[in-house]
Amino acid sequence: MPAIHFFEEDITYKLKKKTLVKQWITETILAEGFRLKELNYIFCSDAYLLQINQQYLNHDTYTDIITFDNSETEKVITGDIFISIERIRENAAKYNITEADELHRVIIHGALHLLGYKDKTAVTKQKMTEKEDFYLNKRSFIG
């Protein structure tokens, strides 16, 4: 049975409108022609995500998200997505948007990575941002 789970590591964070967020993510995955098996979102601190970045990716930098694709079957999504809530809050203030909107952008960004979208070049980053905007506008809820 397909499932989306939300966890916390080293912080306390309660996602608002959890059922609607799960539905939105699932609809995004289906719209892209994929099936969902299991997707775990882990909300954590900057320090926790930095440690993961160093240990698994050999990057010594802060980031807002790290996505691990655990899929074993083509077009079937299984993954773990780690999100720094501290980075979300800082970026929301920096870009003058709500924390909820920034969190939702990062949540869907991680799902888009699992769907095959990249963001390492200017062209792929632009396509990723377009997809983020497209699916953010598909939300049936705000905040």
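**Helix packing in a predicted model**

The buried residues of helix 1 pack against strand 1 (3–8), strand 2 (35–44), strand 4 (76–84), helix 4 (99–114) and helix 5 (122–136). The structure is a predicted model.

**Helix 1**

- Helix 1 comprises 14 residues (residues 18–31), which at 1.5 Å a residue should span 20 Å; the C-alpha atoms at its ends are 20 Å apart, in agreement with that expectation.
- Val21, Trp24, Ile25, Thr28 and Ile29 are the buried residues of helix 1.
- Viewed down the axis of helix 1, these buried residues fall within an arc of 135 degrees, and they therefore line one face of the helix.
- An α-helix has 3.6 residues a turn, so residues three or four places apart point the same way.
- Thr19, Leu30 and Ala31 are exposed on the other side of helix 1.
- Glycine 33 follows helix 1 and has a positive phi, near 85 degrees.

**Helix 2**

- Helix 2 has twelve residues; the distance from its first C-alpha to its last is 15 Å, close to the 16 Å expected at 1.5 Å a residue.
- Its buried residues are Asp46, Leu49, Leu50, Ile52 and Asn53.
- Ala47 and Gln55 are exposed, and are carried on the face of helix 2 turned away from its buried side.
- The packing partners of the buried residues of helix 2 are strand 2, strand 3 (65–69), strand 4 and helix 3.

**Leucine 50**

- Leucine 50 is located in helix 2 (residues 46–57).
- Its relative accessibility is 15%; because buried means under 20% relative accessible area, leucine 50 counts as buried.
- When neighbours within four places in sequence are left aside, leucine 50 is in contact with Asp60, Thr61 and Tyr62.
- Of these contacts, tyrosine 62 is twelve residues from leucine 50 in sequence and 5.4 Å from it in space, C-alpha to C-alpha.

**Crossing of helix 3 and helix 4**

- The axes of helix 3 (residues 85–95) and helix 4 come within 9 Å and cross at roughly 120 degrees.
- Helix 3 and helix 4 are therefore oblique to each other, and the crossing is right-handed.
- In this pair, Ile85, Ile88, Arg89, Asn91 and Ala92 of helix 3 meet Glu99, Glu102, Leu103 and Val106 of helix 4.

**Crossing of helix 4 and helix 5**

- The axes of helix 4 and helix 5 come within 9 Å, with a crossing angle of roughly 120 degrees.
- These two helices are therefore oblique to each other, and they cross in a right-handed sense.
- From helix 4, Asp101, His104, Arg105, Ile108, His109, Leu112 and His113 meet Met128, Thr129, Lys131, Glu132, Asp133, Tyr135 and Leu136 in helix 5.

**Alanine 122**

- Alanine 122 lies in helix 5.
- Its relative accessible area is 65%; because exposed means over 50%, alanine 122 is classed as exposed.
- Alanine 122 and alanine 100 are 22 residues apart in sequence and 26 Å apart in space, C-alpha to C-alpha.

Technical notes:
Residues numbered from 1 in each chain as written. Predicted model: local features only at pLDDT ≥ 70, side-chain atom pairs only at ≥ 80, totals over all residues. Heavy atoms only, no water. Helix = DSSP H or I, 4+ residues; strand = E, 2+ residues; numbered from the N terminus. Expected span 1.5 Å × (residues − 1). Buried < 20%, exposed > 50% of the residue type's maximum accessible area, 1.4 Å probe, protein only. Arc of directions from axis to C-beta. Contact = heavy atoms within 4.5 Å. Axes fitted to C-alpha atoms, helices over the stretch in contact; angles between N-to-C directions. Parallel < 35°, antiparallel > 145°, perpendicular 65-115°, else oblique. Left-handed = near helix turned anticlockwise from the far one by under 90°.
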